[in-house]
Amino acid sequence: MRSYRELFRTPEYTPFFLSYAVQNAAQTISGLALATLVYRATNSPLLSAVSMFGPQLAQMLGATFFLSGSDRLPPRATLAGINSAFAVCTALLALPGLPIGAAFGIVFAQGLIASLGGGVSGGLLNEILPKNGFLLGRSVFNMATGLMQVTGFATGGALLALLSPRVCLLLAAALYATTALITRLCLTARPPRAVGRPSVTATWRTNALLWSSRPRRLTYLGLWVPNGLVVGCESLYVPYDPGSAGTLFASAALGMFAGDLALGRFVPAALRARLDIPLRLLLAAPYLFFALRPGMPWAAIAVCVGSVGYGASLVLQERLMELTPDELAGHALGLRSAGLLTMQGVGAALAGTAAQLTSPGTAMTLMAAGSAAVTGGLAACARQDRPVTASAGVS
């Protein structure tokens, strides 16, 4: 499947895509609004970064206990329930006089709920599309993330200039409720992909199975760590330049959109498989420029160019699906999502701490250097595996 027309003619793909896009718009508007609210209240880069990316810190905890539900729960009802819960949590964050501690408690609860969503939605996409359509369909989802972030952060920045952060949070809650409604009304009720009841034991057993393969381990680490450290750079946009944070977020989303469009639609499969390391290095390199504390528009250009490197995740997700049995696809993609979002939360916490001790520009440079170093280390490990794989006759 190489045509967008063919992709959107696939039954249920269009409403599923629409629900995903609206959810991302809600997430970007609420994240920017909450980070702004916390920064105004505390003047702390660390608390601002963690408030925006804090739900991710709970992702791995949720994956440890709940991820077996990715393949053992009915997907339509589960996704509708998750977005309804997001709507309630986001509305609670808008309550006047809500203590900062209570806000972080709600953010943590959102992360636990979200830990199940990545696997359920990824597994459902794998069901809706044929095998040869997964990468193109996934790339369009990633492009929707970029486009909705461009729209969401630009809109969020404009709304924050006109309205209070709490009103913006209520608008985001309404978007989450809309996502739940689209999911409930427009998708078919499907049975779970796997038999058995969700349990902590089943989650641990499948996590251990997925982690037991060295090629899958390296793929997961490549998906999680370099990306998470660069998201730490993004978490400092508000303290770096409070007046232009929306522009920087939109520039990052635009670069991600361009990378996903090129990788998913125009780059041949043989070449695409060799681009994951260069793209991960591109993701980090422009943030080294922030040691010089560039102003606008140079900062926005650097962010946009670097974010093209997020296209590496498409290559690695395709590789992960090649390494994983079909009956574990939802769980494998859920673990990818949970680990990625957890590392993004860790990256935000590390970046915020470094910015607290130094400056936002210096912290961004340090995080980018760490990301590039991890990519180099994983590339060296992958090269060591190739002679062993070749001698064993494994393709």
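Predicted model: local features only at pLDDT ≥ 70, side-chain atom pairs only at ≥ 80, totals over all residues.

Mentor: Residues are numbered from 1 along each chain as its sequence is written, and side-chain values use heavy atoms, with hydrogens and water left out.

Trainee: Why are Phe 8 and Phe 17 called an edge-to-face pair?

Mentor: Rings of Phe, Tyr and Trp (its six-membered ring) pair if their centres lie within 6.5 Å; planes under 30 degrees apart are stacked, over 60 edge-to-face, and the rest tilted. The structure holds 10 aromatic pairs. In the pair of Phe 8 and Phe 17 the centres are 5.4 Å apart and the planes make 85 degrees, so the pair is edge-to-face. Ring pairs also link Phe 8, Tyr 13 and Phe 17 into a cluster.

Trainee: What makes the pair of Tyr 287 and Phe 290 stacked?

Mentor: The angle between the planes of Tyr 287 and Phe 290 is 25 degrees, with 5.5 Å centre to centre, and therefore the pair counts as stacked.

Trainee: How do you know whether Tyr 287 is buried or exposed?

Mentor: Buried means under 20% relative accessible area, exposed over 50%, and partly exposed in between (1.4 Å probe, protein chains only). Tyr 287 has 1% relative accessibility, so Tyr 287 is buried. Phe 290 is also at 1% and counts as buried. Phe 8 has 32%, so Phe 8 is partly exposed.

Trainee: What makes Arg 293 a charge over the ring of Tyr 240?

Mentor: A charge sits over a ring if NZ of Lys or CZ of Arg is within 6 Å of the ring centre and within 35 degrees of the ring normal. Arg 293 lies over the face of Tyr 240, at 4.8 Å from the ring centre.

Trainee: Why is the contact of Glu 127 and Arg 190 called a salt bridge?

Mentor: A salt bridge is a side-chain nitrogen of Lys or Arg within 4 Å of a carboxyl oxygen of Asp or Glu. The closest N and O atoms of Glu 127 and Arg 190 are 4.0 Å apart, and the pair is counted as a salt bridge. The pair links distant parts of the chain, with Glu 127 in helix α7 (residues 100-128) and Arg 190 in the loop between α9 (165-186) and α10 (200-211), 63 residues apart. Helices here are DSSP runs (H or I, at least four residues), numbered from the N terminus. Glu 127 is partly exposed at 35%, whereas Arg 190 is buried at 19%. Glu 12, Glu 127 and Arg 190 are linked in a network of salt bridges.

Trainee: Which residues form salt bridges with Asp 276?

Mentor: Asp 276 forms a salt bridge with Arg 280, the closest N and O atoms being 2.6 Å apart. Both residues lie in helix α15, 4 residues apart, about one turn of the helix. Asp 276 also meets Arg 319 in a salt bridge, at 3.5 Å from N to O. Asp 276 is buried at 6% relative accessibility, while Arg 319 is partly exposed at 27%.

Trainee: Why is the phi of Glu 12 remarked on?

Mentor: Most residues other than glycine have a negative phi, and most peptide bonds are trans. Phi of Glu 12 is near 80 degrees, a positive value in a residue other than glycine. Glu 12 lies in the loop between α1 (4-8) and α2. Arg 293 has a positive phi of about 50 degrees, and Arg 293 is in the loop between α15 and α16. In that loop is also Pro 297, joined to Met 296 by a cis peptide bond with omega of about 5 degrees.

Trainee: What makes a space a cavity?

Mentor: On a 1 Å grid over the protein atoms alone, a cavity is a set of points where a 1.4 Å probe fits but cannot get out; lining residues have an atom within 4 Å of a point. A search of the whole structure finds 2 cavities of 30 Å³ or more. Residues lining the second largest cavity include Asn 227, Arg 280 and Ser 313.

Terms used
1 Å grid on protein atoms, 1.4 Å probe; cavity = no way out; pocket = protein on both sides within 12 Å on 5 of 7 lines; lining within 4 Å. Points joined across faces, edges and corners; volume = space filled by probe spheres on them. Helix = DSSP H or I, 4+ residues; strand = E, 2+ residues; numbered from the N terminus.
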